[in-house]
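Me: I want to look inside a protein today. Can we take it step by step?

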Amino acid sequence: MSANWKANQRRLAPWLFLAPGLIMFLIYVIIPIFQSMWLSFYDWDGLGAKTWLGLENYRELVDDDAFYTSLKNNVIWLLLYMISVPAGLLIAIFLNQTIGGMRLYKSLFFFPFVISQVVVGLMFSWFYAPNFGLFYNLIEWATGTGIAILAEDKYVTYGIIAAGLWPQIAYVMILYLTGLNNVAPDQVEAARLDGARGWKMLWYVILPQLRPATFIAVVVTVIGALRSFDLVSIMTDGGPYGSSRVLSFYMYEQALSEYGYRMGYGAAIAVVLFAIMMVFISGFIWKMWRDETER
Amino acid sequence: MFPRPIAQASPAGRLFYKIAVPVALFLWLLPLLGVAITSVRPASDLAQGNYFGIPSSLAFENYALVFQNTPMLKYMMNSFYVTIPTVIGALALSCMTGFALAVYRFPSNLIVFFMFVAGNFVPFQILMVPVRDLTLSLGMYNTWYGLALFHIAFQSGFCTLFMRNFIRSLPFELIEAARVEGVAEWRIFWFIVIPLMRPAIAALSVLVFTFIWNDFFWATVLTNSPDTQPVTAGLSSLNGQWIAQWHLVSAGSILAALPPVAMFFLMQKHFIAGLTLGAVK
């Protein structure tokens, strides 16, 4: 080994270790982000020549009703998905006990998260199916007339979100179960001696200690809500009449499905979705950065 | 411990809890149980409107029908072809990137690290057109390796985050001591750090396996024929053909869910350790 290598080893080594992963990540993730932004200024069918449009794609978006429907549904997704944070905490508190077989119970509660969203979507489609679906029958029994959730534009998005909440609550639950395991027992005992009970105990003693779990739970829930694609695609394919579209699905529909290959317009939708997500991502990164540099 | 241990509750309270947990579990898993039962329900039951009652017989032939009349077996094999190389590739890359970011101090360390973290959160749609294009131009469209290559690259974001934090929690004195002895950097990586990373490697393998097996979006974007489609995309197209044949849809769903479920039960401890990383610190 040359003397030069020996002297510089410590300086070069990190870059040699980084190179394969970093190059792959740049090619497949970082550069495509900028390519999509650039592409959103063009008209392109995926094969022929690209035509420069400037801001035309974005101008079209502003007048596109389907875009607003998708955007509105994304907001509904985001808001309702947040239910999974308190719901997951509630189940975690319910299950944080030691009785026989508890380990098995906990993992069975976690089950929905392990299953593919495609399968979850099919399960809930069956659950909601008109005339014989369990849910349909329940509504019929309670109100006299059944509702075909996935065929009504008023309810369809809520029906899909309910399907998405099922695995998401399971995920949050497992985060909180681990968090509860690590709550300092002496603090809980001290608070108990001071007379803290129930909600007060939860709010002032337990929740502050669960902060890291809450942070991760919120991050994965926000990302999960905005990434929703599989369930919409499987359960309704965006319908009825496009009323259950979300941005991720609408983008795919414009760029790749039978509606034609409008790659530039699709890219513009993706840029909007990316911008929305960037608001949250920046927040998360900012917090992680602060934790990292404070240490 | 919070809440107060149930052992301290009254006998009635304890009994109530012991009944409440299985009841809650039953309600929680109702959609899954429904599909599991439907998958062994004979088609004749469905025709007669027996959707919820006890199946008149256990129709395991539904599963046989799925295997005989559809490319289900091929779909599942395709999923393994994509998933296993992805697990190996993403782990190999992220062991190295994680090591580089955890052990060395250099000016752009945190920037590179946060680039991996942030990239891991972006919406798939912003990558879709360029990645599809790249895959087409490399001649890898509709191949298992085209799909696996993308997954390796994308998963290395999450895996780097995980590995870097894991290596940081290892005792740094070990590495210092080796350096004083004059051990080369790659030998430190290979002989000192890698053996200590076994738990992280186990946790990430299970996790990445599940993520990739369950991926649907990239499967539809980068593959389009039964020869290469993974089981998620395959199931979706079968669902289109099996209109209202719920016994077959259910059997197919159960089959598609089986490998990750088996993985989860076999490696439960590692799986949860992987998911909750960072949530405990």
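Me: Which residues have the most contacts inside the largest nonpolar core?
Reply: This is a predicted model: local features need pLDDT of at least 70, side-chain atom pairs count only at pLDDT 80 or more, and totals for chains, interfaces and linings use all residues. Residues are numbered from 1 along each chain as written, chains are lettered from A and ligands numbered from 1 in written order, and side-chain values use heavy atoms, without hydrogens and water. A nonpolar core is a set of buried (under 20% relative accessible area, 1.4 Å probe, protein chains only) Ala, Val, Leu, Ile, Met, Phe, Trp, Tyr and Cys residues joined through side-chain atoms within 4.5 Å. The largest one has 205 residues, and those with the most contacts inside it are F110(A), I206(A), L127(B), M128(B) and W218(B).

Me: Which residues of chain B does F110(A) touch?
Reply: Contact means heavy atoms within 4.5 Å. Residues up to four places away in sequence are not counted. In chain A, F110(A) touches A170(A), Y171(A), M173(A) and I174(A). In chain B, F110(A) touches F264(B), F271(B) and L275(B).

Me: Which helix supplies the largest share of the lining of the largest cavity?
Reply: In chain B, α5 (72-103), α8 (144-168) and α11 (198-214) each supply at least two lining residues. The largest share, three residues, comes from α5(B).

Note on methods. Helices (H or I, at least four residues) and strands (E, at least two) are DSSP runs, numbered from the N terminus. Buried means under 20% relative accessible area, exposed over 50%, partly exposed in between (1.4 Å probe, protein chains only).
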